[in-house]
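Me: I'd like a close look at one part of this model, please. Could you take me through it step by step?

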Amino acid sequence: MTSPELTRDAAPAGAAAVIPAPATPYQGDIARYWDGEARPVNLRLGDVDGLYHHHYGVGAVDHAALGNGGNSGHSGDASDSAYEKRLIAELHRLESAQAELLLDHLGPVGRDATLVDAGCGRGGSMVMAHQRFGCTVEGVTLSSGQADFANRRARELGIDEHVRARVCNMLDMPFETGQAMGSWNNESSMYVDLHDLFAEHSRVLATGGRYVTITGCWNPRYGQPSKWVSQINAHFECNIHSRREYLRAMADNRLVPHAVIDLTPATLPYWELRATSSLVTGIEEAFINSYRDGSFQYLLIAADRV
Ligand SMILES: C[S@@+](CC[C@H](N)C(=O)[O-])C[C@H]1O[C@@H](n2cnc3c(N)ncnc32)[C@H](O)[C@@H]1O
């Protein structure tokens, strides 16, 4: 473990007084990316109920809730603001369903347990984990803007004694060896080397603890990353790994898969609906095409720390 350079005092009351600088220039770029990120597709969805996510959705679209009569071929009129509001609520329901699915795979979690959200974003999954299990949830992100946002939401909800985000590198987390009963990456593992990441999860997890990731990964059956996958990498400044790399890096780090679920068919409805909205970011086509041509997969892997 490196000793990160200590920089400025940006921590909320009760947290450590100093935060580590990004360990690499790339991490500096990612911190800036997320500090500056304020896309309506994230913020307007979060405004629906105060759970702010930076991930995608799973499950069938409820066309009755959208008010288009269950006709999946008819996407409604995005210029109609009442319809747009219902569409945003529906996309948000699907992204919260994704987080619920991740939490389902942590197994039983007691109130005394500590969970770690690696790459926690604005903290939506952390809040949901605390509300479900009553336990402590520690999050880490490279972005001080995101950590401040997550800590502010926890204070507003009166759960800041149990839910806390910190600015730090998930490859070098400020947690003791074996401290966590569960840990996860929700769409945050494509920013790091997987061997380094799983070595660190394996260190902070207690033996018998559970690790869960939901991630996009390229499909080794396709051969190499497709042009769509390359486009997604460029869009998010990330490096999508293959399914094979996930399983190999887990096996090398005492993380034994308990469930491997291909969520690709479950996430396509989210993308197809999102592509009809006014919140499009331009990357929808790459996701839809790569999921359809089989070069990209949306995967959940739950693993036991043995
Ligand atoms: C796509 S967002 C996902 C956020 C959150 N997991 C969610 O589901 O809403 C990716 C997150 O990974 C974080 N991240 C990327 N590299 C990181 C690193 N090396 N250490 C800590 N966080 C990192 C970013 O700061 C950002 O919060």
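Does Glu138 count as buried or exposed, and at what relative accessibility?

Reply: Happy to! This is a predicted model, in which local features need pLDDT of at least 70 and side-chain atom pairs count only at pLDDT 80 or more, while totals for chains, interfaces and linings use all residues. Residues are numbered from 1 along each chain as its sequence is written, and side-chain values use heavy atoms, leaving out hydrogens and water.

Glu138 counts as buried, at 8% relative accessibility (buried is under 20% relative accessible area, exposed over 50%, partly exposed in between, with a 1.4 Å probe and protein chains only). Its side chain meets that of Arg164 in a salt bridge, 3.2 Å from N to O (a side-chain nitrogen of Lys or Arg within 4 Å of a carboxyl oxygen of Asp or Glu). Glu138 sits in strand 2 (residues 136–141) and Arg164 in strand 3 (residues 163–167), so this pair ties together parts 26 residues apart in sequence. Strands here are DSSP runs of E with at least two residues, helices are runs of H or I with at least four, and both are numbered from the N terminus.

Glu138 also forms a salt bridge with Arg166, at 3.2 Å from N to O.

For context, the structure holds 12 salt bridges. Another one pairs Arg132 with Asp104, with their closest N and O atoms 2.8 Å apart. Here Arg132 is partly exposed at 35%, and Asp104 is partly exposed at 45%.
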